[in-house]
Every structure is written in C-alpha cells, then in structure tokens.
Amino acid sequence: MCVDCASYYLNRAAAGMMIGRYTEALQDSKKAVQLDGSSSKAHLREAKCHMALGSVEQATKSLDKLKEIDSTNSQYIAEQRNLRMLEMHQMAAEKAFAKGDFRKVTYDLSRALEIAPACTKFKVLKAESYLKLKKFQDAQECVNGILMKEALNSDALFVRGLSLYYQDNIEKAQQHFQQVLRLNPDNSKARVAFKKCKVMKQKKDQGNDAFKKGRYQEACDLYTEALEIDEHNVLTNAKLYCNRANVRSKLGKLEDAISDCSSAIKLDGKYQKAYMRRAKCYMDTEQYEDAVRDYQKIFQMDKTRENRKLLQNAELELKKSKRKDYYKILSVSKEAPDDEIKKAYRKHALLHHPDRHSNKSPEEKKAEEVKFKEVGEAYSVLSDREKRRRYDSGQDLEDMQGGMDPNDIFQSFFGGPSGMHFNFGGGPGRGGYDPFGGSGFSFQFG
C-alpha cells in the first residue's frame, strides 16, 4: 500500500529483530537507508542487524555513517562499545582455537553471541570447540538452532554429524555426512568422516556376526581392526573393547578380557556393561577383592535386587577365599561326589602321613605334619553332608572342626585294629598291601 515509506520498513525491521529474524530485518533496514539516507534510525538499525549477524566490518561502516549524519546520537556510543566488545571476543576466540584452548573459545564465543545471537559462524565454531572438549550434547544443541532455520546449512549438518558420530550413533552420523557431501561434494572433512563411519560400521557388524556364529577368533580380529580406525571416538571404542573382552573370555583369555574391560572403563567411566563383564572375569579367575569393588560400583550405578545379589555373592566368595580351601587341599572340584572325596583323602593322607617322612629334616617333617593335619580337617568337613553344606555357604570353620585328631580320622578311615602299624620305610609287610605299587609302603600287624 505504501512501498516507498522508510518508516514502515524500519518498523518491520524492529519487529523482525524482536523475533530473531535478523537477516530479514537487515534487508528492511537497508531498504529504509536506500529510501531515506539521512535517517539516523535506519543506519543505527542496520548496524545492529550486522552486529547480531556477527558482521563486524559491515557494522563498523553503518556506525561510521551514523556518526557522519548525527555525531551527537546517544545510542552511537553504546553500540560502538558493543562493537568493540564483539570484535575483542571474536579475535580472542580465534586465537584460543588456534592454540587448542577450547574452554576459552567457548567462553569468548558465549560473550560474543550475547551481542551477535544470530551469528552462524560463532555457533558452529563454539560447537566444534565443544566437540574437542567431548561435550557432544552441548555441541549438538549449538547447531540445532541453526538447522531449525537453515535445514541445509552444510557446516551445521557436518558438526551435528560429528556429534552423533562421537556419541556412537554411527548410522545417523553417516547419513549426515552423506547429506553434507550432496550439498558440498568438495568438503574433504565430510568425505573422511563418511569413510570412517562406513568402515567402522562394517567391521563392527562383521565382528558381531562372527561372534553370533561362534567364530570367536575371527570376531576378535575384526573388533581389533575396528579399534584401529579412530582413537578419538571414545564411546564407540569403549563398546568395541567390551565386545572384544566378551570374545576373549569365550576363548579362555580371561586376563586379556579383564584388560579390555579396563580399557573400556577408562574411555567411559559410566559403562556398566564393562564393569559387569570385568567383575565376572574377576570371579572366574578368583580375584574376589577386585570383583567386589566392581560389583559395588555396579550397585551404586543401578541399585537393583539382581545387582545386590551379585555383590553379596562376590563378598561371600571373598570371605570363603580367605579360609582354607578344603577342595584344593584334596585336589577335587567343588562338585566332587562322596566317593571322589574318599579317594582323594586316601591318596593325600598316605602321601603326607608323618611315618612316611620320618627320615627327613625336622623342617620337612613339620611341613608334612601340617599338610597331614589339613588333609584330615578337609576330609572331616567334606565327608559330612551337613558340615560340607555349611562350609559351602561360607560359615566359619571353627564351628565345624569338632576337635578331631587327624590320626584318629586316618585310623578310622583305613579301619585298622588298635595294634596296626604303618611302615613307610621298608619293603612290603606281612599284611601284603602295597597301595603305591612297590613304593615302600606296607601295613604291619604286631
């Protein structure tokens, strides 16, 4: 209705600035300047739009023009001060970025964005700095606002792709890089990132497939190849280390599996699955103190009934490990049946009986006496169903011994009369029994 009225363009520019549409507001301000070059308000509004968009050079020109027209303008000094602050923070941020001081970059750009809230360049640079600081969610939030207004901004798409990539969202990251390359085929950074995503996903998927099919060594090799692609992708590498730990535990390489879990935890201190896998390996290798520490950490992160039970079981095994291991003393498994317990006792009791070692040094005889006593203790507990149950449940040993003499257990087991004597030093005796097949042991009855 009134296409040549400068005031209307200035009013619309003001409204546009209030709702953050600075590019459109700048065009209206320029139109107002074109229609009325003597309007100080038009030049002032144009300068403000340039500053909001981060264009220091253009803002300087607009303010210089304002000074020429109205040297006493009260707002000139305030906007000139803002412009100097903007230029100072911009230069400081660029220097800090070159030095690798990314915390300072984010600080200076935050101050600059208070003056230039619509500057895409500042937001992208700030997002890149957050990536360097491994603050991936913050980086993503920086560029989301840009993409809401400019869905095809290739710089913002690239940064969001990197953010997704470093958060282990490889597939979506790959899609972002692919879109960047459609918009800008010459973007070398996007091409490199796209290739990394493609190879990373391929190796990881192949490793997972090999694992599911039981080809554990092949899976291990594929996870190793994937780990060599990008050392900076810590979250993806944490999962790869954990996957390789699982494979190595299947291959019986438990210490290597523990090492891989530790590497995963170093990369991601909140990775519960890695703690769980390492704790299981510690249990399997009887490193119960370490297992308890890991299960305590797991329970702190996720206080479920199942995790409490795992912690209690590890604490019980730790307590049991500090006692004498009667199963090891008799060289039997914890699932050994009664007849195997008896055979084991027979073998070890005869092996460590003091009479067999009468010709040895006092120190050696003492050591064999201790072993003989332990063999008797072990048999007295493991041969009694109730005592064995209590022992397996972790109850104290003092309640189970009952003061039995190991010689009485030996005498009772072999069933000899009171006059029976064991001769370990000579040849076969009159009893004619030689359990070691000519080893010099025999029964003699007096």
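## The buried face of helix 12

In this predicted model, the buried residues of helix 12 are A219, C220, L222, Y223, A226 and L227. They lie on the same side of helix 12, because the arc they cover around the axis is only 165 degrees. An α-helix has 3.6 residues a turn, so residues three or four places apart point the same way. The buried residues of helix 12 pack against helix 11 and helix 13.

Helix 12 spans residues 216-227, and its 12 residues reach 16 Å from the first C-alpha to the last, which is close to the 16 Å expected at 1.5 Å a residue.

## Salt bridges within and between helices

In one of them, the side chains of K201 and D205 meet with a distance of 2.9 Å from N to O. K201 and D205 are four residues apart in helix 11 (residues 188-212), and therefore about one helical turn separates them. K201 is partly exposed at 29% relative accessibility, and D205 is likewise partly exposed at 37%.

A further salt bridge joins the side chains of R244 and D260, at 2.8 Å from N to O. Because R244 lies in helix 13 (residues 234-250) and D260 in helix 14 (residues 254-267), this pair ties together parts that are 16 residues apart in sequence. R244 is buried, with a relative accessible area of 10%, and D260 is buried as well, with a relative accessible area of 2%. The salt bridges of this region form a network that links R244, R248 and D260.

K324 forms a salt bridge with E377, and the closest N and O atoms of this pair are 3.0 Å apart. K324 lies in the loop between helix 17 (305-321) and helix 18 (326-329), whereas E377 lies in helix 20 (residues 362-382), so the pair ties together parts that are 53 residues apart in sequence. With a relative accessible area of 34%, K324 is partly exposed, while E377 is buried at 15%.

## A buried arginine without a salt bridge

R277, which lies in helix 15 (residues 272-284), is buried yet has no salt bridge. The nearest side chain of opposite charge is that of D260, at 9.5 Å, and a salt bridge would need a side-chain nitrogen within 4 Å of a carboxyl oxygen. When residues up to four places away in sequence are not counted, R277 touches C242, N243, A245, N246 and C261.

## Aromatic pairs

A search of the whole structure finds eight aromatic pairs. One of them is formed by F158 and F177, a tilted pair with 5.7 Å from centre to centre and 50 degrees between the planes. This pair links distant parts of the chain, since F158 belongs to helix 9 (residues 154-166) and F177 to helix 10 (residues 170-183), 19 residues apart. Both F158 and F177 are buried.

The rings of F211 and Y216 have their centres 5.6 Å apart and their planes at 50 degrees, so this pair is tilted. F211 is partly exposed, with a relative accessible area of 22%, and Y216 is partly exposed at 25% relative accessibility. Elsewhere, F136, Y165 and Y166 form one aromatic cluster.

Key:
Residues are numbered from 1 along each chain as its sequence is written. This is a predicted model: local features need pLDDT of at least 70, side-chain atom pairs count only at pLDDT 80 or more; totals for chains, interfaces and linings use all residues. Side-chain values use heavy atoms; hydrogens and water are left out. Helices (H or I, at least four residues) and strands (E, at least two) are DSSP runs, numbered from the N terminus. Buried means under 20% relative accessible area, exposed over 50%, partly exposed in between (1.4 Å probe, protein chains only). Lys and Arg count as positive and Asp and Glu as negative; His and the chain ends are not counted. Contact means heavy atoms within 4.5 Å. The expected span of a helix is 1.5 Å times one less than its number of residues. The arc is that of the directions from the helix axis to the C-beta atoms. Rings of Phe, Tyr and Trp (its six-membered ring) pair if their centres lie within 6.5 Å; planes under 30 degrees apart count as stacked, over 60 as edge-to-face and the rest as tilted.
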